[in-house]
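Colleague: I'd like to go through this one with you, feature by feature. Could you show me how to read it?

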Amino acid sequence: MSSTDAHVLTWIIGLVLFAISFGLHKAGKEKGSKILHMVLRVVYILIIGSGIGLLAKTGMDFMHTIKMLVGIWVIGMLEMVLIRTKKGENTKTLWILFVISFIVVLGIGYSI
């Protein structure tokens, strides 16, 4: 498995864990949601670590650096959506920012 494949796989795992944790919270299963949220935080570290490895491999050019920063923005939005949802706060703006950041990171990925 290449380092790019590993990075993509960690993103897929992260997005799936986010969706399941969010769904469990909405279903009222707080304990399961909390456990998955903690596992998701470990996956965030793996995503960032594999991303830094890829960035070092590419020579840290401008577009890859911007993509990394936007990727961290995506992770921030995922975390904030879960936290504010658990607190019962409004998340509409965060969802919009998540979708925008996700589209931007995918757009940068296709342009590189």
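Colleague: Let's take helix 1. What span should its 24 residues have at 1.5 Å a residue?

Modeller: Keep in mind that this is a predicted model. At 1.5 Å a residue, helix 1 should span 34 Å, and its end C-alpha atoms sit 35 Å apart, so the two agree. Just after helix 1, Gly28 has a positive phi of about 85°.

Colleague: And which residues of helix 1 are buried?

Modeller: Start from the general idea: an α-helix has 3.6 residues a turn, so residues three or four places apart point the same way. In helix 1 the buried set is His7, Thr10, Trp11, Gly14, Leu17, Phe18, Ser21, Phe22 and His25. Helix 2, helix 3 and helix 4 are among what covers them.

Colleague: How does helix 2 reach from end to end, and what is expected?

Modeller: Helix 2 has 29 residues and goes 41 Å from first C-alpha to last, close to the expected 42 Å.

Colleague: What happens just after helix 2?

Modeller: Gly59 takes a positive phi there, about 90°. Met60, in the loop between helix 2 and helix 3, has a positive phi too, near 55°, and Met60 is not a glycine. With 54% relative accessibility, Met60 counts as exposed, because the cut-off is over 50%.

Colleague: On to the core. Which residues touch the most other members of the largest nonpolar core?

Modeller: The general idea is that in soluble globular proteins, nonpolar side chains tend to be buried together. Here the largest nonpolar core has 20 residues, and Trp11, Phe18, Leu40, Val74 and Leu78 touch the most other members. Helix 1, helix 2, helix 3 and helix 4 each supply at least two residues of this core, with the largest share, 7 residues, coming from helix 3.

Colleague: What is Phe18 in contact with, beyond its neighbours within four places in sequence?

Modeller: Leu40, Leu78, Val81, Leu82 and Trp95.

Colleague: Trp95 is in helix 4. Is Trp95 buried, exposed or partly exposed?

Modeller: Partly exposed, because its relative accessibility is 27%. Leaving out residues up to four places away in sequence, Trp95 touches Phe18, Phe22 and Val81. Trp95 and Ile83 are 12 residues apart in sequence, and their C-alpha atoms are 12 Å apart in space.

Colleague: Thr91 is in the loop between helix 3 and helix 4. Buried or exposed?

Modeller: Buried: Thr91 has 13% relative accessibility, and the cut-off is under 20%.

Colleague: How many lining residues are nonpolar, polar and charged?

Modeller: The lining of the largest pocket has 16 nonpolar, 7 polar and 1 charged residues.

How values were computed. Residues numbered from 1 in each chain as written. Predicted model: local features only at pLDDT ≥ 70, side-chain atom pairs only at ≥ 80, totals over all residues. Heavy atoms only, no water. Core = buried A, V, L, I, M, F, W, Y, C linked by side-chain atoms within 4.5 Å. Buried < 20%, exposed > 50% of the residue type's maximum accessible area, 1.4 Å probe, protein only. Helix = DSSP H or I, 4+ residues; strand = E, 2+ residues; numbered from the N terminus. Contact = heavy atoms within 4.5 Å. Nonpolar A, V, L, I, M, F, W, Y, C, P; charged D, E, K, R; others polar. Expected span 1.5 Å × (residues − 1).
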